[in-house]
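Hi everyone, thanks for coming. I'd like to walk you through one structure today, so let me put it up on the screen.

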Amino acid sequence: QVQLVESGGGLVQPGGSLRLSCAASGSIFSIYAMGWYRQAPGKQRELVAAITSGGSRNYVDSVKGRFSISRDHVTNTVYLQMNSLKPEETAVYYCNGEFTTDQGVNDYWGQGTQVTVSS
């Protein structure tokens, strides 16, 4: 099993910044990709950013130039640096990863961290 523990959410004013962290632990043989999703009230969960084991990154168009995803291979931690935040980006942000363990390749989710952008 893999555990994903997120941190770094909170309340920030419009235009402000937050940095989310997600630490993966457990019997991990390898990591294919990790990423961040968000879900606002009444909306579907959407992919915000992802990074592959090779370091390729992709972002939803609305965050390009403002958000940056990175990963620490030693600690199996993925980060999401969010700048110039907008009120409409208020949501629960979830960490996701695809891992190989002794149970094969599976998808895992964190518990979510609330990000509120408001003045």
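I'll talk about aromatic rings and then about one of the sheets. Please keep in mind that this is a predicted model.

Let's begin with the aromatics. Searching the whole structure turns up three aromatic pairs. Take Y94 and W109: their ring centres are 6.5 Å apart and their planes stand at 85°, and since an angle over 60 degrees counts as edge-to-face, that is what we call this pair. Where do Y94 and W109 sit in the chain? Y94 is in strand β9, residues 91–101, while W109 is in strand β10, residues 104–109, and the two are 15 residues apart.

Are they buried or exposed? Y94 is buried, with 15% relative accessible area, whereas W109 is partly exposed at 38%.

The charged end of R19 sits over Y79, 4.0 Å from the centre of the ring. R19 also stands opposite Q81 in β8.

That brings us to the sheet. It is an open sheet of four strands, ordered β1-β3-β8-β7, with antiparallel pairing. At its edges are β1 (2–7) and β7 (67–72); each has a single partner strand, so one side of each has no neighbour in the sheet. On average, neighbouring strands here are turned by 15° against each other, ignoring direction. Inside the sheet, β3 (residues 18–26) and β8 (residues 77–82) run antiparallel and are joined by six bridges.

Terms used
Residues are numbered from 1 along each chain as its sequence is written. This is a predicted model: local features need pLDDT of at least 70, side-chain atom pairs count only at pLDDT 80 or more; totals for chains, interfaces and linings use all residues. Side-chain values use heavy atoms; hydrogens and water are left out. Rings of Phe, Tyr and Trp (its six-membered ring) pair if their centres lie within 6.5 Å; planes under 30 degrees apart count as stacked, over 60 as edge-to-face and the rest as tilted. Buried means under 20% relative accessible area, exposed over 50%, partly exposed in between (1.4 Å probe, protein chains only). A charge sits over a ring if NZ of Lys or CZ of Arg is within 6 Å of the ring centre and within 35 degrees of the ring normal. Two strands pair if DSSP finds at least two bridges between them. Axes are lines fitted to C-alpha atoms, for helices over the stretch in contact, and angles run from 0 to 180 degrees between N-to-C directions.
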